[in-house]
Amino acid sequence: MSEIIANVNGAINDVVWGVPALILLVGTGVIMTLVTGFFQVTHFRHMMRETFIGMFKKKDVRKNHDKTQISQFQALCTALSATIGTGNIAGIAFAITMGGTGSIFWMWIAAFFGMMTNYSENVLGIFFRRKNEHNEWSGGAMYYLRDGLGAKKGCKVIGKVLATLFSCFAILASFGIGNMGQIVSIKESVLNVCGVPTDSKTGGLIIGIILAIVVALVVIGGLQRIAKVNERVVPFMAGFYIVGALIIVIMNANMVGPAFASIFGHAFTAKAAAGGVGGAIIKQAITWGFKRGVFSNEAGLGSSVMVHSASNVKEPVTQGLWGIFEVFVDTIIVCTLTALVVLTTGIVDLETGASISGATKLGLATEAFTSSFGTAGGVFIAVAVTLFALSTVLGWSYYGSKAWEFLFGTKAIMVYKVIFVIVVVAGSTLDASLAIDLSDTFNGLMAIPNLIGVLTLSGTVLAITKNYKQRKFKGEDIKPMISFFPEIQEMQEAAIKAEQENEN
């Protein structure tokens, strides 16, 4: 039976993550980029001022005194905790060996347009969010599908159906990609460093129990605790990895030029590591680059918008700017550094992207770090993988809980949290390969209803963006577009007015 399920899932996965689906994912970003006039380029300085610089200059960006909300910085850290995962290390190494060095160029292209997909998701998430029974913000693709798409003539039923499907896919993906897949990576990495066979049941169980306790202490505490942990862990883990990667790149500075030349040179013309030339190999580079970009930053999947919607922000566009920044950090910075580490340490052929030693995925990334740091490189990767994977588990636990809340209500959330913690232990002791493959498919299936929502509501995104630009850049005295719901619109307008009076 498991073999039949695996075969059926494989066929579905080939479609879900196939070329047409990747074109839809990246194409949505292209459309949103065009309709907003390349917003991520023309307003890049404004985005940096409101996000990165705002973290140091604006109190409300980092701090929040309302226990029913989280700060904008906490929302970013929790979103990054789920997107910056093992894929940023092992996934990039694998993409280079499978699609050649040119795949990195196409990863950048996917990220560039993905910025506007993520922006659009966040704008819609804030605009259509609402308060739950605990007075907490609840938002995400399921809400703008049900209340946004569903409000269009003749779309009420399809809006509810797509919202329900998205929630189901998100819950299933949270148990696999967001839980078991990450736990397996931690287990194997830790056991490797300790010199214990990775298939050790006892070792796996011990690690699983420890991780389950850690996850339970954080997850059961709700979003406030998850956000507080992530705002400390994510900057440290990102900084830890970025500094380590930069040291290696600087140590091999003479290879940085050839690495970039290889990336750009083989983006349109590539040589295969295992035979074959021409269009088929270029297609591989594009496909693997797009896959890595989408897998890495999750733009288009509708996942991170669930936590962005819990922010204390009032303007939808402001949270949209954080979406652009999220993709920029995850893919343009972290993934690019991984690629440069792999390409400058001499462990792959710059002509084909083939691994010299035959190592792939995490093994190849580990080889890159050990070639410069010696045995300390293996420890460095183990620590990085553990931090990246554990933070991903925490981030996805929130996504799953919000999808569960949408389907079953706030009172049933604790049931989800208990199941999630149990799955942590299961992931450390069982053969999770099939579950991970299945959840990978569900992860991709999330994109279908989400992108339908983003595309059909693109006019709303454009109207909100135009309204913001008229007020912020042209100084026009017009009513802000803050919420789809009149009562929330009035509440937020009053809050903005009160803040302005206090400033004056």
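Biologist: At what angle do helix α2 and helix α22 pack?

Modeller: This is a predicted model. In it, α2 spans residues 19-35 and α22 spans residues 447-456. Their axes lie 11 Å apart, and the packing angle is about 15 degrees.

Biologist: Are α2 and α22 roughly parallel or roughly antiparallel to each other?

Modeller: Angles under 35 degrees count as roughly parallel. The angle between α2 and α22 is about 15 degrees. The two helices are therefore roughly parallel.

Biologist: Is the crossing of α2 and α22 left-handed or right-handed, and which residues of α22 make the contact?

Modeller: The crossing is left-handed. From α2, the contact takes in Leu24, Leu25, Thr28, Ile31 and Met32. The residues on the α22 side are Ala447, Leu451, Val454 and Leu455.

Biologist: How many residues of the contact of α2 with α22 are nonpolar?

Modeller: No charged residue takes part in this contact. One residue is polar. The nonpolar residues number eight.

Biologist: Which residues that line the largest pocket are the closest to its centre?

Modeller: The largest pocket holds about 1,200 Å³ of space. Its lining is made up of 42 residues. The closest to the centre are Thr86, Gly87, Ala90, Ser185 and Lys361.

Biologist: Which helix gives the most to the lining of the largest pocket?

Modeller: Several helices supply at least two residues each, among them α7 (72-83), α8 (90-99), α15 (279-297) and α19 (375-408). The most, nine residues, come from α11.

Biologist: How many residues of the lining of the largest pocket are charged?

Modeller: By class, 19 lining residues are polar and 16 are nonpolar. The charged residues number seven.

Technical notes: Residues are numbered from 1 along each chain as its sequence is written. This is a predicted model: local features need pLDDT of at least 70, side-chain atom pairs count only at pLDDT 80 or more; totals for chains, interfaces and linings use all residues. Side-chain values use heavy atoms; hydrogens and water are left out. Axes are lines fitted to C-alpha atoms, for helices over the stretch in contact, and angles run from 0 to 180 degrees between N-to-C directions. Helices (H or I, at least four residues) and strands (E, at least two) are DSSP runs, numbered from the N terminus. Angles under 35 degrees count as roughly parallel, over 145 as roughly antiparallel, 65 to 115 as roughly perpendicular and the rest as oblique. A crossing is left-handed if the near helix is turned anticlockwise from the far one by less than a right angle, and right-handed if clockwise. Contact means heavy atoms within 4.5 Å. Ala, Val, Leu, Ile, Met, Phe, Trp, Tyr, Cys and Pro count as nonpolar, Asp, Glu, Lys and Arg as charged, and the others, Gly among them, as polar. On a 1 Å grid over the protein atoms alone, a cavity is a set of points where a 1.4 Å probe fits but cannot get out, and a pocket is an open set with protein on both sides within 12 Å along at least five of seven lines; lining residues have an atom within 4 Å of a point. Grid points are joined across faces, edges and corners, and a volume is the space filled by probe spheres set on the points.
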